[in-house]
Amino acid sequence: MKEFINMRHSCINFLLTFNLILAAILGTYQTSFSQHISAYTLSKIVIDAGHGGKDPGAVGKISKEKDLTLAIAKKVGALIEKNLKDVKVIYTRTDDTFIPLNERSNIANKEGADLFISIHCNAAANKRVSGAETYVMGLHRSEENLNVAMRENAVISYEDGYNETYEGYDPNSAESFIIFSMLQNAFLKQSLNFAAIVQNDFKERAKRRDRGVRQAGFLVLWKTSMPSVLIEAGYISNSKEEQFLNSEYGQDIIASSIYRAIKSYKENVDELNKTVLELQQAQKSNENTQKSSTANSIEFKVQVSSSQNLLPDIEEKYKEFGNVSVVNFNGTYKYLVGGTPNYQEAVKYCNTIKSKVPDAFIVAIENGNIIRLSEALQKINKSE
């Protein structure tokens with residue numbers, strides 16, 4: 001019974017802490033998220049050299065992580081500045097300075113960056129472990145991922161008042177780690193896409209041992225409001241790999257791989273931006289067509305979804321229902337299917353759709369604009 005009571009208290013404390021953290025995050029992210037979620041662009045990149053100053057990071061036989069990450073970060077930035085003229089590079093540090101973890105993400109958020117890259121070197125008790133891996137913010141998938149994240153997060157112990165800054169996070173507590181891991185990066189999909197490109201270049205061109213794309217709860221990624229990754233470039237605990245990381249060639253090949261991944265990711269983003277612009281033009285043309293075809297008439301459609309920003313894949317998602325029309329109503333995009341001047345037919349059609357889209361409902365369109373359903377029915381009754 002005593003064990004049960006203790007477990008119950010632990011669960012209650014866990015949920016209370018989680019709810020407080022979640023509320024704080026939602027408040028922090030509300031503005032920045034809305035600013036970035038519709039930005040299909042890559043014009044600003046934050047390069048974060050892990051550790052620095054009084055925080056050496058992992059320590060090898062001949063070097064410290066903080067020095068290696070700074071050297072690689074500068075090389076990545078130089079390649080971007082030389083070859084991608086339309087991309088601005090922002091560094092979290094350019095010398096041996098200690099930067100708190102939350103300040104690193106603050107720099108990215110204040111700059112309105114489109115991509116955040118934190119560069120690190122790994123360490124393991126097993127001195128034979130080697131290779132590169134790229135992390136995104138998320139739930140840890142193994143004890144190994146947990147250990148890496150907890151080691152990197154332990155840097156906050158160098159910060160004064162870290163318990164308040166990170167809202168109760170304890171770098172030595174697995175329970176605290178789990179709470180933060182549950183707060184997934186809103187840009188997880190983009191982060192995973194970029195991480196996969198990084199790892200592919202490491203493997204195919206740099207011939208590094210590929211340790212894959214992983215998810216774990218890194219504090220440095222926690223509050224970034226853009227796609228973000230943490231790259232573990234190699235294992236400083238492995239003597240051979242430490243020499244590689246310290247060599248000019250090793251740093252150049254790692255920096256080149258990261259740069260090439262950025263270039264490839266930017267090409268993908270630019271293509272997406274082009275697609276979004278085409279969709280916006282098509283949507284505007286569609287609205288004009290709707291206004292013309294429904295002039296002085298009322299039509300009933302079924303709304304299957306809505307969003308604050310135009311979704312590029314919406315037609316593919318609901319293609320089984322036929323053509324999807326888009327109406328911008330008070331700043332919100334409404335995605336509609338079907339269309340009939342007969343309300344009873346619209347009700348039957350909506351009931352059919354509800355089997356797959358439970359939240360579907362009928363909307364009334366007059367002259368291309370959404371009006372209240374009651375108003376539409378009143379006008380129809382008056383005309384009959």
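**A loop, a helix and some charged pairs**

Ala123 counts as partly exposed, because its relative accessibility is 28%. Here buried means under 20% relative accessible area, exposed means over 50%, and partly exposed lies in between (1.4 Å probe, protein chains only). Ala123 sits in the loop between strand S3 (115-122) and strand S4 (132-137). Helices (H or I, at least four residues) and strands (E, at least two) are DSSP runs, numbered from the N terminus. Ala58 is 65 residues away from Ala123 along the chain, yet their C-alpha atoms are separated by 6.3 Å.

The model is predicted: local features need pLDDT of at least 70, side-chain atom pairs count only at pLDDT 80 or more, and totals for chains, interfaces and linings use all residues. Residues are numbered from 1 along each chain as its sequence is written, and side-chain values use heavy atoms, with hydrogens and water left out.

Now turn to helix H12. Which residues of H12 are buried? In this helix (residues 343-353), they are Ala346, Cys350 and Ile353. They lie on the same side of H12 because they cover an arc of only 60° around the axis. That arc is taken from the directions from the helix axis to the C-beta atoms. An α-helix has 3.6 residues a turn, so residues three or four places apart point the same way. On the other side of H12, Gln344, Lys348 and Thr352 are exposed. The cover over the buried residues includes strands S7 (298-307), S9 (332-340) and S10 (361-366), where contact means heavy atoms within 4.5 Å. Asn342 caps the N-terminal end of H12. A side-chain oxygen of Asn342 lies 2.9 Å from the backbone nitrogen of Gln344.

Lys379 forms a salt bridge with Glu366, with the closest N and O atoms 2.8 Å apart. This pair links distant parts of the chain: Lys379 is in helix H13 (residues 373-383) and Glu366 is in strand S10, 13 residues apart. A salt bridge is a side-chain nitrogen of Lys or Arg within 4 Å of a carboxyl oxygen of Asp or Glu. Glu366 is buried, because its relative accessible area is 18%. Lys379 is partly exposed, at 33%.

Lys379 has another partner, Glu375, at 3.4 Å between the closest N and O atoms. Both lie in helix H13, 4 residues apart, about one turn of the helix. Glu375 counts as partly exposed, at 26% relative accessibility.

Elsewhere, Glu316 and Lys319 meet in a salt bridge (2.9 Å, N to O). Both residues are exposed. The structure holds 16 salt bridges.

Key
Polar contact = N/O pair within 3.5 Å; in protein donor to acceptor, adjacent residues only side chain to side chain.
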